[in-house]
Amino acid sequence: MYNKKMEGQLPKTLFDKIWDAHVVQRKAGFPDLLYIDRHFIHEVTSPQAFDGLRKRGISVARPAQTTATADHNVPTQNQHLPIVDQLSRFQVDTLQKNCDEFGLELYALGHQKQGIVHVIGPELGLTQPGMTIVCGDSHTSTHGAFGTIAFGIGTSQVEQVLATQCLLQYKPKTMKIEINGKLSKGVVSKDIILYIISKISASGGTGYFVEYAGSAIRSLSMEARMTICNMSIEMGARGGMIAPDQVTFDYLQGREHAPKGEAWERALAYWKSLRSDADATYDKVITFEASDIEPMITYGTNPGMGIRISDQIPEVAVDSNLADMQKSLAYMGLQPQQSLLGQKIDYVFIGSCTNSRIEDLRQVADFVRGRKKADDVNVWIVPGSKQVEAQARAEGLDKVFAAAGFDLRQPGCSACLAMNEDKVPAGKYCVSTSNRNFEGRQGPGSRTFLASPLTAAAAAVTGRITDVRTLID
Amino acid sequence: MQFRTLISRCVPLPIENIDTDQIIPARFLKATTREGFGENLFRDWRYLTETTPNSDFVLNQDTYTGQVLVAGKNFGCGSSREHAAWALADYGFRVVISSFFADIFKSNALNNFILPIQVSETILQQLFQAIQADPTLTIEVDLPNQELRVADLQLQVAFEINLYKKECLLNGYDDIDYLLARQGEIEAYEATRMTF
């Protein structure tokens, strides 16, 4: 039994096991010298790091452990043509030049496996249980769904990893969030994580690394688990993880970079040991019941400002103050005590590293098959990767979307952060499956309602915020 | 670059959960160098249109100036973009005081020799009130003694910083120098590392 304690050894959490296995050096008064197994980079947060290497005259220490993709800046239409925006084109070209110069593998624009960094890592089998994974992007926490310690870093740290494959890190505290029971009809993993954040606030996880557990989490597919871990940063946590199990192993087996043959067997034996000991202690434990969760929607300007779709906007959000609540609602053009049901919307965005995988697209297609979008709503579906896009087309989902009037585009981060042309105009409302409802996040003046792909699809069809449960059997 | 002490006036921004998208909106992240981000610091709060400054925003008011930003709790949440720290530094801020900082921002700030000082919510509110009452209020930041002093308020507050980062700031060291000096240990670790 992997759970059996060695004599004299303290029970450990999964987080502690992986962290401790990656400590190169521990010295009193210093942060741990932590080894990084896998490093992902993209065009926006890497150029200054490569400049740093050039200034120091050093190379990339372990080129095989860094993988690059262009995602944040790329257009989602006409990707075969040169990028129109000069600055975006220069940044994407700079990534190509840097990867060529330093010998790094790049999934460039046009590559048949290009896509959002947190979608392609798992898809290619680069993300594996027990690893430490970093990227200059806060949603690196996505990879935690495989039982990894994965977290976002700044550009100075990107340079450190390129130069040494290590980082200096203080060990965060641990938090367990348990969700027990069975999810109700119309409630999906996005609703779980929006519910958790609405309960503990946008800063409730700061200083912690979260492990998600409980029967509701165990019942989820890998893609659904990724959605949950993805948004760990939205409660301030460094990252979030889920212990690997048969669902994880089945997802990984046969993927391009997953171990093969005898190596697979060795890996599997190790991966099966990756779980928290039964009597391990956490710095904090929070428990929720799955049956309390409904389809969720945010109303404010941080992801902690969310409600169950049948609830009313509160006077003050958890751990917020009245002035900030008023500022937020004024930006959104909403009132306290108001229900969001029936609220007219202008845009629907289905995409981002949170919800752009094939299961998300299938869920949306199943719902809209035989339905049409509301006339005055623009609907963008942006797949997370070229492979997701190809799979959607192979399954005929593109035809379902076309018939419904949904605009299926090419992969990228798109309207999640609106670095490309995909911007929601000022004052307009967008129901979005992305992860942030900050002021101006989807374009200057844009107003975002975060929701699940199902809730977004329902809004697309009715043109209003709608309880999807009223439209499904 | 180094940081030891600073005597400065303060710029108050009593808003909570200021995310890095507000500090520097994503559309300004297209530069490939570290310079020039200060121009777009708090861009969408600072400007009403492309060219019209918002006179209600604190950075556009002559009343307030200084190298210390005092901001509401959970400052720097959201995106990991180090551009937020670059923008603050480029604009001229060397210290940010708040009652709570987001983790990644804190680390990015320290890596750019900006000192994040965490104080209690009570002290933070006291500072906001004092700055509002007297915009010329001067504070003294003393890193060697880890102390924040406001003579006018007869206030002396100790603040936390880990020893390693304190040494880095005082001496102008950065993590990469430290890491590059550990090549031997890293290689020894790699020899025992489990790979498949």
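## A salt bridge between two helical regions of chain A

Glu395(A) and Arg362(A) form a salt bridge, and their closest N and O atoms are 2.7 Å apart. Glu395(A) sits in the loop between helix 13 (386–394) and helix 14 (397–404) of chain A, while Arg362(A) belongs to helix 12 (residues 358–368) of chain A, so this pair ties together parts that are 33 residues apart in sequence. Please keep in mind that this is a predicted model.

Side chains of opposite charge can pair when their charged atoms come close. Over all chains, the structure holds 43 salt bridges.

Arg469(A) takes part in a salt bridge with Glu294(A), where the closest N and O atoms are 3.3 Å apart. Arg469(A) is found in the segment after helix 15 (453–462) of chain A, and Glu294(A) in the loop between strand 12 (284–289) and strand 13 (296–298) of chain A, so the pair ties together parts that are 175 residues apart in sequence. Asp467(A) also forms a salt bridge with Arg469(A), with 2.8 Å between the closest N and O atoms.

Arg469(A) is partly exposed, at a relative accessible area of 23%. Glu294(A) is buried, because its relative accessible area of 15% falls under 20%. Asp467(A) is buried too, with a relative accessible area of 11%. Elsewhere in chain A, salt bridges that share partners join Lys12(A), Asp16(A), Asp20(A), Arg26(A), Asp32(A) and Lys171(A) into one network.

## An enclosed strand in chain A

Strand 3 (residues 38–42) of chain A is largely enclosed by the rest of the structure, because five of its five residues are buried. In a regular strand the side chains alternate between the two faces of the sheet. Which residues of strand 3 of chain A are on each side? Arg38(A), Phe40(A) and His42(A) are on one side, His39(A) and Ile41(A) are on the other, and all are buried, which leaves both faces covered.

Strand 3 of chain A also has partners within its sheet. Three bridges join strand 3 of chain A to strand 6 (residues 132–135) of chain A, and the two run parallel. Across this pairing, Phe40(A) stands opposite Cys135(A). Strand 4 (residues 66–69) of chain A runs parallel to strand 3 of chain A too, joined to it by four bridges. Here the bridge partner of His42(A) is Thr69(A).

What is the sense of the pairing between strand 3 (residues 95–98) and strand 4 of chain B? These two strands pair in the parallel sense, over four bridges. Ser98(B) stands opposite Gln118(B) of strand 4 of chain B.

Gln126(B) lies in helix 5 (residues 121–133) of chain B and counts as partly exposed at 31% relative accessibility. From C-alpha to C-alpha, Gln126(B) and Leu153(B) are 9.2 Å apart in space, and they are 27 residues apart in sequence.

## The largest pocket

Rolling a probe the size of a water molecule over the atoms shows where empty space is left. The largest pocket has a volume of about 870 Å³. It is lined by 31 residues, of which Tyr170(A), Asp103(B), Lys106(B), Leu110(B) and Asn162(B) are the closest to its centre.

Elements from chains A and B contribute to the lining. Those that each supply at least two residues are strand 7 (149–152) and strand 8 (166–169) of chain A, together with helix 4 (103–111), strand 4 and helix 6 (163–171) of chain B. Which element gives the most to the lining of the largest pocket? Helix 4 of chain B does, with five residues. By residue type, the lining divides into 15 nonpolar, eight polar and eight charged residues.

Note on methods:
Residues are numbered from 1 along each chain as its sequence is written. Chains are lettered from A and ligands numbered from 1 in the order in which they are written. This is a predicted model: local features need pLDDT of at least 70, side-chain atom pairs count only at pLDDT 80 or more; totals for chains, interfaces and linings use all residues. Side-chain values use heavy atoms; hydrogens and water are left out. Two strands pair if DSSP finds at least two bridges between them. A salt bridge is a side-chain nitrogen of Lys or Arg within 4 Å of a carboxyl oxygen of Asp or Glu. Buried means under 20% relative accessible area, exposed over 50%, partly exposed in between (1.4 Å probe, protein chains only). On a 1 Å grid over the protein atoms alone, a cavity is a set of points where a 1.4 Å probe fits but cannot get out, and a pocket is an open set with protein on both sides within 12 Å along at least five of seven lines; lining residues have an atom within 4 Å of a point. Grid points are joined across faces, edges and corners, and a volume is the space filled by probe spheres set on the points. Ala, Val, Leu, Ile, Met, Phe, Trp, Tyr, Cys and Pro count as nonpolar, Asp, Glu, Lys and Arg as charged, and the others, Gly among them, as polar.
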